[in-house]
Amino acid sequence: MKTKKKKLTIFLVLLIVLLVLVLVFFFGNRKEKIKHLSRPGGTVQTAKPAKEIQMKKITLFFLSENDGLLHPEEREIPVSSLNDEARAVVEELIKGSKSTLISSIPESTRVRQVFVTDDGTIYVDLSRNVLEANFYGSSGEMAVVYSIVNSLAYNFKAIKKVSLLVEGNEKETLGGHIDLSRPFLPDYSLVAR
Amino acid sequence: MDKFFRGLIIIVVGLWIIGNVFPSFLLAQKVKKSVPTVRVSVGEENGVTRLRITSEVNLNYSLKKSSNSLEISFKTSSGLKLEKRTFSSRLIKSVDLAKSPEAYLLVAKTATESFTFSYSARKNPFELIIDFKLKEEKKVPAESPSSSAPGKAGSQPVALQTPTPTEASGQNLTTKKSVKTIVIDAGHGGIETGAKGNFGALEKDITLAIARKLKEEIEGGLKYRVVLTREADVVVPLDRRAAIANNNKADVFISIHANGSRRVNARGSETYFLSLNATDEEARRLAYFENNSGELENRVTEKDFDDLKLILWDMAQSAYLKQSSQLAEFVQTELNELLNTKNRGIKQAPFKVLTGAACPAILVEVAFITNPEEEKMLQSEEFQSKVAEAVYQGLSKFLQLYEKP
């Protein structure tokens, strides 16, 4: 009876040790990644209701059905780190316009990562859903690219160039037209005056 | 039983320590241990062997050529690891990492002593590209335009093909070859369908139909040779399309597309030429061309010349923007004349397919496949023929500019 119990204890202990090691492994890895990249989902939802959230105004650029140009629309987002604010801007763009403007980015697109390098290049890593669109002719791709590029450069002085990634990798184009392999400078000639 | 519980408590406390102290220890170890890696790959294209070195950290480097090797030395205190893909190259025999007292040496052994090289580098992430080329003893008459420096023509044929000044390549068109080559690119193909219409039309089918008609139209004029980048419904990579133009020594590159937009109302025809989605670096390079293109051989030192050569690899089109805009204007005028579509004008955008073309190059967006009316139009043979005719008329007028009086 006693030996049976002992065996069981040893087995349980081994199991726990194994479990902890597995946890340590994942935990350790995760922490290292987070150091470089922005916190996923750390934008709006996690704010505590007790504290007052400071908000700031930002300007988004959406496509207009009428003239095919980008038009500004304002939003409020919580004040946070540059990474998180930039992520919020792209996420708001994907959610779409609150008036009659068109969101150029496919709705199912998720923002995977956002990070800014020292030279002012922001890397926006989007999920592969961004590639799934019937409307990717030249104009459709330009609208996606420059609604993101212009919105980010317009709102954040620290952001000089924008580079778009898909699923963590460099992608040649969204649908065979606009070159994504080089970072973009903003182009305000596409914005309505 | 008591003993058992005491043991259990000890184990739990032990686990807690392992769980909380050990991970941070591990983490610290990991950070300390990370030795930067240099990744090396070798590729060949158009007679140039390209050595590409990348790393996650920015490295200080210097290059030294010895008889039959090139030494790239990296000054770094944190060690260096080499990661290379297997390769086979006629020029580069091996790439190895060695350590000297003050630096790490990446040694590329070459098959022969007579090679030239040029390089360019980027930071964040670090990338060093070195292009090796066999030194040729003889001049290559077919490739060296008359206006370029004769002394350099032998060793730098790649460089000379593209930075040819506007006026000079105009002469080129007439003096060098009797028959001009037009390369027509039908956009997309295979699984890369391009934009889709509401009634099921696919951009790739329409572009191929128009490209074929345009080929017939041009060949009917009996003046020019025509090459299509694809003749069937197959995938052709974007950089391959420009390469086809360059390999055929194309005088003009025309890419045919049908537009798509999320706007239901979007309609009309437009003609694009390349804009460099100019990062600071590229803006500088471009300015360099525009300021110096008239007298390359006078002002540019040997080293500059090597630097220039690299621009041409991926940004060949930047030397032809002026001519490309002219061509776009001619073609757009004819589209307006013949098609009865809304005139969306001439535009610039960073099109992947245009960047590598070493000749005047445009991209025609015939009409919107995402607009139901225009979708039907694009599918009609009659409309397709009109497009072909309009592009041909524009092209002829452009080429006449460069014909002998």
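A residue is termed buried if 20 or more other C-beta atoms lie within 10 Å of its own, exposed if 12 or fewer do, and partly exposed in between, with C-beta atoms placed from the backbone. The structure is a predicted model, in which local features need pLDDT of at least 70 and side-chain atom pairs count only at pLDDT 80 or more, whereas totals for chains, interfaces and linings use all residues. Residues are numbered from 1 along each chain as its sequence is written, and chains are lettered from A and ligands numbered from 1 in the order in which they are written.

**View 1. B:Glu113 in the loop between β7 and β8 of chain B.** With 11 other C-beta atoms within 10 Å, B:Glu113 is exposed. Leaving aside neighbours within four places in sequence, B:Glu113 is in contact (C-beta atoms, placed from the backbone, within 7 Å) with B:Ser67 and B:Asn68. The C-alpha atoms of B:Glu113 and B:Ser66 are 8.3 Å apart, although 47 residues separate the two in sequence.

**View 2. Crossing of helices α10 and α13 of chain B.** The axes of α10 (residues 321-339) and α13 (residues 381-401) of chain B come within 8 Å and cross at roughly 140°; axes are lines fitted to C-alpha atoms, for helices over the stretch in contact, and angles run from 0 to 180 degrees between N-to-C directions. α10(B) is therefore oblique to α13(B), a term for angles that are not under 35 degrees (roughly parallel), over 145 (roughly antiparallel) or 65 to 115 (roughly perpendicular). Residues in the contact include B:Phe330 and B:Leu338 of α10(B), and B:Val391 and B:Phe398 of α13(B).

**View 3. An open sheet of 4 strands in chain A.** The strand order is β3-β4-β5-β6, with mixed pairing; two strands pair if DSSP finds at least two bridges between them. β3 (111-116) and β6 (169-170) of chain A stand at the edges with a single partner strand each, so one side of each has no neighbour in the sheet. Strands β4 (residues 121-126) and β5 (residues 161-166) of chain A run parallel and are joined by 6 bridges. A:Asp125 has A:Leu165 in β5(A) as its bridge partner.

**View 4. Helices packed on the sheet of chain A.** Helix α2 (residues 82-95) of chain A touches β3 and β4 of chain A, and its direction makes about 135° with that of β3(A). Helix α3 (residues 138-155) of chain A lies across β4 and β5 of chain A, running at about 135° to β5(A).

Methods. Helix = DSSP H or I, 4+ residues; strand = E, 2+ residues; numbered from the N terminus. Contact = placed C-beta atoms within 7 Å.
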